[in-house]
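Please look over the sequence and the model shown here before reading on.

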Amino acid sequence: MKIKRKERSSFLSFLLRVFLNTKQWRLWLLLCVVVIGYLVNIKLAVALNDWNGRFYNALQAVDKEKIFDCLYDFILICSSIIAVLVTADYLQERAALIARRVLTEEFFSQWLSDKAAFYRLRQESKEPDNPDQRISEDVREVISLFLNLCTSFLNSVLMIGSFSVILWNLSGPLTVWGISIPGYMFWVCLIYTILETVLTHLIGKKLKRLNFDSQRREADLRASLLAKRINAEAIAGMRGVEAERARLMTTFSSLLMVLVDTLRKKRNLEYFSVGAGQITHLTPIFFSLPAFFSGAIELGGLMQIRGAFIDVARSLSWIAMSYAQLSKFAATYERLSTLHSSIEEVSAEKKDSVSYSSQESGLKANLLMSIPNRGSDGTSLSVNLAVDPGEICILQGASGTGKSSILRVLAGFDYFATGTVESAPKVLWITQKPYIFTGSLKANLSYPSLAEDLSDHEANQLLDKVGLGDLSLLLEHETDWEHRLSGGEKQRIMLIRAILKKPDVLLLDEVTSALDEESAVKIVLLLKASLKDTAILMVSHQSALIAHADRIFNMKDFL
């Protein structure tokens, strides 16, 4: 998937706003300490290179005293390198966790915004694949990869700055066809690494696309597996396990195809990179042998040139050596950028085609709506309704005629409509599918408020009133209530939430459909008694409720 340059720059601006501010001082302090650690490590690496010269010269001269002195120095240098690198790595991981928390919180705020971006994305068909996976995993990946790439790049730059001078001075000039080339080993190293980088790009340039596809298909597989868990009862009841296995295998097979292609590309890249790495160890010795044979350099100097050449070559080959990580970072960055762009698009301030305004109480609406239907251009509706405080009004009509769409617009989600909606400030919309989550029963009752805000006494009273008194002993019990409760029990829980919230306007979409008519009547009467100042508009097909409604709106009247 390609994204526009504007989208990339928008996401980059977003990242800069998130991280370049004084609130993130702890993150930047840790990163500064990490940078200092790498600076110290370069000093130690230079000392180690100097030690190589002294040690191998002592070996060549068979100077026992100098050999043992060098061994003591080696223990000290290596101990210091280990301490510095392990500490720097630990602090970098801590910084990555802080950065992940900050960026995840920002995505939570955007995705679960007051404008319900998470809902609008799906409703307006602008949702990228697996936004949950992008927030949970891609944020972690992009932070970790970015810090690793930055620190490795910094280390490479420092290595080049320190060891290029050493390599230049140690190698001396080389005369070719009467032309003296100073620091010739540096130029050999530079040409060598340029060729290595170009060949690496040619071999691995498709890895970005393959990484993007594999991340998407991995997420699709996880989403498919989760769907089986959520709909386990329906699948088992329909004897659909064979069909579900086939669908899962199709999803898994498409993932495997991409993974095999990715593996092949990585194999080809590793063939080259591993081979180049081995050649890198031999190249400086090969080009330094003439000077060694002539006596211009000793064994220690040869080993210093070898060490400096390898360090400079690795540093200059940063792109080649980091190519796999760079391609994965680019793919992950693009996925997050796409999600950010989609959220911004649905959350952008724009003039709604429906004009929403507040009034002291009740609900009034005057709307023109277009309800898309399969195989046709859609149904046009002219909706004119009003619900006063304390009234219960029922919206009736055949399935698929737009009842739920009307409630959606009245709830503030302008979709396929124009006109005006005037309502009291606190509007609550309870949809057909109850939202019940894993946790305590009390937390489910009090949602979206905290469980601590609901007393046990009030909770038990409400459970008794809606006919769930047998659950009163399970208020603090934590379980998967979504699968433990029946459809009717879940609907009763949702109505308890409505009573606790005491909204000014309550929109109910088939919230008694799983109850028998006698129980539905009791629930409606309870709502009317508990919410005396609330304007209630409900969609229902249950004829027993009509006698208790103050007004009936029929969809036929809106055609």
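The text below goes through a sheet, a pocket, some aromatic rings and one further residue.

This is a predicted model, in which local features need pLDDT of at least 70 and side-chain atom pairs count only at pLDDT 80 or more, while totals for chains, interfaces and linings use all residues. Residues are numbered from 1 along each chain as its sequence is written, and side-chain values use heavy atoms, with hydrogens and water left out.

Start with the sheet. Four strands form an open sheet in the order β3-β7-β4-β5, with mixed pairing. Strands are DSSP runs of E with at least two residues, helices are runs of H or I with at least four, and both are numbered from the N terminus. Two strands count as paired if DSSP finds at least two bridges between them. The edges of this sheet are β3 (354–358) and β5, each of which pairs on one side only. From one strand to the next the twist averages 10 degrees, taken between axes that are lines fitted to C-alpha atoms, with angles running from 0 to 180 degrees between N-to-C directions.

Strand β4 (residues 363–371) is joined to β5 (residues 379–387) by 9 bridges, and the two run antiparallel. In that pairing L368 has S382 of β5 as its bridge partner. To β7, β4 is joined by 7 bridges, again antiparallel, and here A365 is partnered with V421. The pairing of β3 with β7 is parallel and has 5 bridges; S358 stands opposite S423 in β7.

What lies on each face of β4? L363, A365, L367, M369 and I371 make up the covered face, and K364, N366, L368 and S370 the uncovered one. In a regular strand, side chains alternate between the two faces of the sheet.

Next comes the second largest pocket, which holds about 520 Å³ of space. A pocket here is an open set of points on a 1 Å grid over the protein atoms alone, where a 1.4 Å probe fits, with protein on both sides within 12 Å along at least five of seven lines; lining residues have an atom within 4 Å of a point. The volume is the space filled by probe spheres set on the points, which are joined across faces, edges and corners. Of the 21 lining residues, F19, W28, F146, L147 and C150 are the closest to the centre of this pocket. Helices α1 (5–19), α2 (25–61), α3 (64–111), α5 (131–171) and α12 (323–347) each supply at least two residues of the lining, and α5 gives the largest share, with 7. By class, the lining has 20 nonpolar residues, 1 polar residue and no charged residues.

Now the aromatic rings. The structure holds 15 aromatic pairs, where rings of Phe, Tyr and Trp (its six-membered ring) pair if their centres lie within 6.5 Å; planes under 30 degrees apart are stacked, over 60 edge-to-face and the rest tilted. The pair of F413 and W429 is tilted, because the ring centres are 5.8 Å apart and the planes stand at 45 degrees. This pair links distant parts of the chain, 16 residues apart: F413 is in the loop between α13 (403–410) and β7 (417–423), and W429 is in strand β8 (residues 427–430).

Is F413 buried or exposed? With 18% relative accessibility, F413 counts as buried, whereas W429, at 21%, counts as partly exposed. Buried means under 20% relative accessible area, exposed over 50%, and partly exposed in between (1.4 Å probe, protein chains only). Elsewhere, ring pairs link F11, F14, F107, F146, F329 and Y333 into a cluster.

Last, F108 is in helix α3. F108 is partly exposed, with a relative accessible area of 42%. F108 and D132 are 24 residues apart in sequence and 10.0 Å apart in space, C-alpha to C-alpha.

Methods. Nonpolar A, V, L, I, M, F, W, Y, C, P; charged D, E, K, R; others polar.
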